[in-house]
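This report is a guided reading of a predicted model. Please keep the sequence and the structure in view while you read.

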Amino acid sequence: MFLYVLLCILFCYLAWKLRDGLRIGNTTDKYVFITGCDTGFGNLAAKTFDKKGFWVLAGCLTEAGASSLKEATSERLKTLLLDVTNSENVNKVADCIKSEVGEKGLWGLINNAGILGKMAPTDWLNINHFRAPIEVNLLGLINVSLALLPLIKKARGRVVNISSIGGRVAARGGGYVVAKFGVEGFNDSLRRDMKAFGVKVSCIEPGLFRTALSDADKALKKKLDLWNMLSTDIKRQYGEDYIQRDAAKQHEINKQFINEDLSLVVRCMEHALTSQYPRTRYSAGRDAKFLWIPLSYMPAFVQDFVILNSKVKLNDLTAV
């Protein structure tokens, strides 16, 4: 009986691997628009898909980012200045893309643009600290998607939303996690709504990667700025040395879990664009696959135990 079950599992796995490996045909006639191409995942994705023969339309926030990307790619790649929080700019870019792709439509949209914002204990923050990452990471993503959906439906194409393990497990306070949970919800509703039109929607959940967003020095400076604005009572609750102790703890965690190879995420993007059967969700990075994603399926008390044990102890909880 055990052998029979084992053979069934093996057969199912091999069938899934075979199906997962099936690819679409020619990609050299397909247009892909990627947001957030100044640095990080978006920048590497734009360069990679350009080399693979896609017609890449790269959204960059800055002139410097656009110029640097153009110098490193072929003439097929075109850059577009894009601020995802500016609806007028988003609509203008959508019109440019419509003129570029014509009747073929847009095969792929990769919603990659994002910011970290300020991540800190929730009682350190005000509403504006939540607003900025939600505007970029969630509302900006939705804005771009809505503007380009007609072109994607015309091509019966793909939407790839870059979420995060922060959209599965809330390990830190701040607007980033709130926004990424929102991305997960939007991704699921969009996937179901677009299924009838032949549009496939996927979500990528990267772990911790060494990018501009994960810069430890910038994160520490943001926390120090917040600390200097806190009341005396809150400082006493956390302890005067809290910033230093927390930074040391985060350094140890980063050493264990940070991923250096950005191509792990880009390969997920490529599979979502070129597979005949793209996955609903992709995880990228050791920490995502072996810690955060499994943890997200655990009961809340298990999640709380793991996350709270990764935090530094507070100084004086009676000072309230």
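R156 is found in the loop between α5 and β5, where helices (H or I, at least four residues) and strands (E, at least two) are DSSP runs, numbered from the N terminus. Although R156 is not a glycine, its phi is positive, at about 50°. Residues are numbered from 1 along each chain as its sequence is written, and side-chain values use heavy atoms, with hydrogens and water left out. As this is a predicted model, local features need pLDDT of at least 70 and side-chain atom pairs count only at pLDDT 80 or more, while totals for chains, interfaces and linings use all residues.

In strand β5 we find R158, which is buried, with a relative accessible area of 4%; buried means under 20% relative accessible area, exposed over 50%, and partly exposed in between (1.4 Å probe, protein chains only). Not counting residues up to four places away in sequence, R158 touches a set of residues that includes I24, W107, I152, K200, L273 and S275, and such a contact means heavy atoms within 4.5 Å. A polar atom of the R158 side chain lies 3.4 Å from the backbone oxygen of L273. This is a polar contact, that is, a pair of N or O atoms within 3.5 Å, of which, within protein, one must be able to donate a hydrogen and the other to accept it, and residues adjacent in sequence count only if both atoms are side-chain atoms. By contrast, R158 and N126 are 32 residues apart in sequence and 37 Å apart in space, C-alpha to C-alpha.

## Three further buried residues

S275, one of the residues that R158 touches, has its place in the loop between α10 (263-274) and β7 (281-284). S275 counts as buried, at 0% relative accessibility, and a polar atom of its side chain lies 3.0 Å from the backbone nitrogen of Y277. Leaving out residues up to four places away in sequence, S275 touches D20, L22, R23, I24, R158 and E270.

R172 lies in the loop between β5 (158-162) and α6 (175-194), and with a relative accessible area of 19% R172 is buried. Its side chain makes a polar contact with the side chain of D246, at 3.3 Å. Beyond four places in sequence, the residues that R172 touches are M119, V177, K223, D246 and Q250. A288, found in helix α11, is buried with a relative accessible area of 0%. The C-alpha atoms of A288 and E205 are separated by 7.5 Å, although the two residues are 83 residues apart along the chain, and E205 is among the residues in contact with A288, as are P206 and G207.

## How the helices pack

Two packed helices are described by the angle between their axes and the distance between the axes. Axes are lines fitted to C-alpha atoms, for helices over the stretch in contact, and angles run from 0 to 180 degrees between N-to-C directions. Helix α4 (residues 87-101) and helix α5 (residues 127-155) have axes that come within 10 Å and cross at roughly 25°. The two helices α4 and α5 are therefore roughly parallel to each other, since angles under 35 degrees count as roughly parallel, over 145 as roughly antiparallel, 65 to 115 as roughly perpendicular and the rest as oblique. On the α4 side the contact includes V90, A94 and I97, which meet residues of α5 including V144, A147 and L151.

The axes of helix α2 (residues 40-51) and α10 come within 9 Å and cross at roughly 55°, which makes α2 oblique to α10. F41, L44, A45, T48 and F49 in α2 meet S263, V265, V266, M269, E270 and L273 in α10. Finally, helix α11 (residues 286-296) and helix α12 (residues 300-308) pack at an angle of about 140°, with their axes 9 Å apart. W292, L295 and S296 of α11 make this contact with V302, Q303, V306 and I307 of α12.
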